[in-house]
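The sequence and structure come first.

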Amino acid sequence: MTSKDLAIYFRIGACISIFFSDGLQMSLNGPFYPEEAQKKGLPQSIIGLSTGVQYMARCLGSIFVMTTATAQYQKYFFAGGAFNCGITLICFSQLTYGPGGVSFAFMSSLCRTWTGFASAGVWGTGFSTITSFYPKNEGTIAGVIESSYGAGSMIGPLIGNVLYSYGGYPLPFIFAGVFGMISSIVGLLSVPQLDLDLARDKSEEKNEDYSDDEDLIDELLSETEVSAFSRLTSLPVILSSFPVATVNSSIGFVSVALAPYLLQKYGIGSEANGKYFFSIFGVTMVASAVFGFLIDKGFGGKFYASSIFASSIGYLLLFFPAVLPSADNEPILFIALFLIGFGIAGAYTGSYIVNEKAFLQVGVRDPKKVKIYVLTGLTLWVSLGIINGQTVTGGWIYNCSNFNIACLSQLLIIVVFGVPTLRWMWKTGLLGQIYYHAEVLEEDQIGELPVLDGGMREPCYSRENSRQLSMSYSHGDTINTLVSSSVKIKKKGH
């Protein structure tokens, strides 16, 4: 192993630690904040709302990152976002010394709002920052990112329980905030500035006479650019985003609903509820690493679809005690949480490649734009899902009924929005083998695709004869789905 390899591994480790710290910070909310907020006189609905504003802010932050972040300066959005998250978490820890009621709710919401806005920088640029080191292993990297986030989420409640017993409410949040600030500084200093001109010169020195897929398409025809908003609101992109939003609403739901339920049902408070959160995010951590590796082997669509089924079964088990009291026991609770953690892992790791194919289907040309759209779009949809879990199902519905009915509402949301996505994935071939990367194709290797009803050519995402090509045509040969962002076309005669 050379010194260059060691430097790359160190950079990746530094970046991964930022996602670990983000998971650590997020996981502390569920075990400790609801109980503290109840002591300050906040009802369940307000607890959910004061937590949900973080992800409302992350939605707005995602739009900001989409319109301002560039590949050359993405590391500053990444590390800067993590640093700001750490600062606001330390501020959040000090609210226990202030007044309760409306003042506590307002200051909590203010801290959470800034945390959410900063978090958009982490999730909107982190994946592309890391894949710049290993561009051919995007599925594995997605799995590693979710595993590190899951590890932070899993370890957070356990460390938090110990720190809480020694220093009370503030200490777990101070620890996580300081760790996040340190990891962001290390990440900023270790990741080199991307010099696009230098990279282009090195490519020319190697005589790599290949054109990007955009160059090929420009030779075929010109296309009018459309806004990022129209891309995000196109039907394929919305359908591809439903599972990652609805399944990841579990993160928000668990963060505000599980701790009160454990306290009410079993008398388990903040000092001992860590193992239940561990059962969710421990599964997420392990499953994400495995899924990421297998997604690079073509199973991304299958894992994305499986997340819908796993989460649905998990919430069905949590609803059962409402109609079958004998099902209200800890083993069934752990099985349900296990399935929910499995669903979170499948939804997150599979979302990158499925969303990529959706943006290709609606005609996004530039590979860099595809990546930015995917990252910020997923951050937006995950945030919307978490908002729903915190404010609607885990907040308002739980407050008006009980935990079991809130779980039923989670189940119905996942099923209602998941079925159209499964149908779309089946029709477009995304339930088959799909890949991020492809071999180099000669110009005359681009074959025609099967024609669907109405003259539309079906998008092709699978590998046939060692080829992975995603291109479809509508009436008048207008390109709707372009060559996959990883495909390179070698000019004839070179």
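A disulfide is a pair of cysteine sulfur atoms within 2.5 Å. The structure holds zero disulfides. C111 takes part in none, and the nearest cysteine sulfur, that of C91, lies 5.6 Å away. Buried is used here for a relative accessible area under 20%, exposed for over 50%, and partly exposed for values in between (1.4 Å probe, protein chains only). C111 is buried because its relative accessible area is 10%. C59 also counts as buried, at 9% relative accessibility.

The model is predicted: local features need pLDDT of at least 70, side-chain atom pairs count only at pLDDT 80 or more, and totals for chains, interfaces and linings use all residues. Residues are numbered from 1 along each chain as its sequence is written, and side-chain values use heavy atoms, with hydrogens and water left out.

**Salt bridges**

How many salt bridges does a search of the whole structure find? The search returns two, a salt bridge being a side-chain nitrogen of Lys or Arg within 4 Å of a carboxyl oxygen of Asp or Glu. In one, the side chains of D328 and K265 meet at 2.7 Å, N to O. This pair links distant parts of the chain, 63 residues apart: D328 sits in the loop between α13 (300-319) and α14 (330-361), and K265 in helix α11 (residues 235-266). Helices (H or I, at least four residues) and strands (E, at least two) are DSSP runs numbered from the N terminus. In the other bridge, K357 pairs with E356, with 3.1 Å between the closest N and O atoms.

| Residue | Relative accessibility | Class |
|---|---|---|
| D328 | 23% | partly exposed |
| K265 | 43% | partly exposed |
| K357 | 1% | buried |
| E356 | 6% | buried |

Helix α11 also holds T246. T246 counts as buried because its relative accessibility is 8%. Leaving aside residues up to four places away in sequence, T246 touches I413, I414 and F417, where contact means heavy atoms within 4.5 Å.

**Nonpolar surface patch**

L60, I63, F64, W114 and F117 make a nonpolar surface patch of about 510 Å². The elements that give two or more residues to this patch are α3 (44-68) and α5 (101-131). Helix α3 gives the most, with three residues. Patches are made of residues with over 30% relative accessible area and no salt bridge; like charges are joined within 9 Å, and nonpolar side chains (Val, Leu, Ile, Met, Phe, Trp, Tyr) within 5 Å. Accessible areas come from the Shrake-Rupley method with a 1.4 Å probe, and for residues only the protein chains shown count as cover. I63 is found in helix α3 and, at 44% relative accessibility, counts as partly exposed.

**Confidence**

The protein averages a pLDDT of 76, and 79% of the residues score at least 70; pLDDT is the predictor's confidence in each residue, from 0 to 100. Among the elements, α13 has the highest mean pLDDT (93) and strand β5 (residues 472-473) the lowest (30). The pLDDT is below 50 over residues 195-225, a stretch with 40 contacts in the model beyond near neighbours in sequence. Residues 437-494 also stay under 50, and for them the model has 148 contacts beyond four places in sequence. Where pLDDT is low, the predicted coordinates should not be read in detail.
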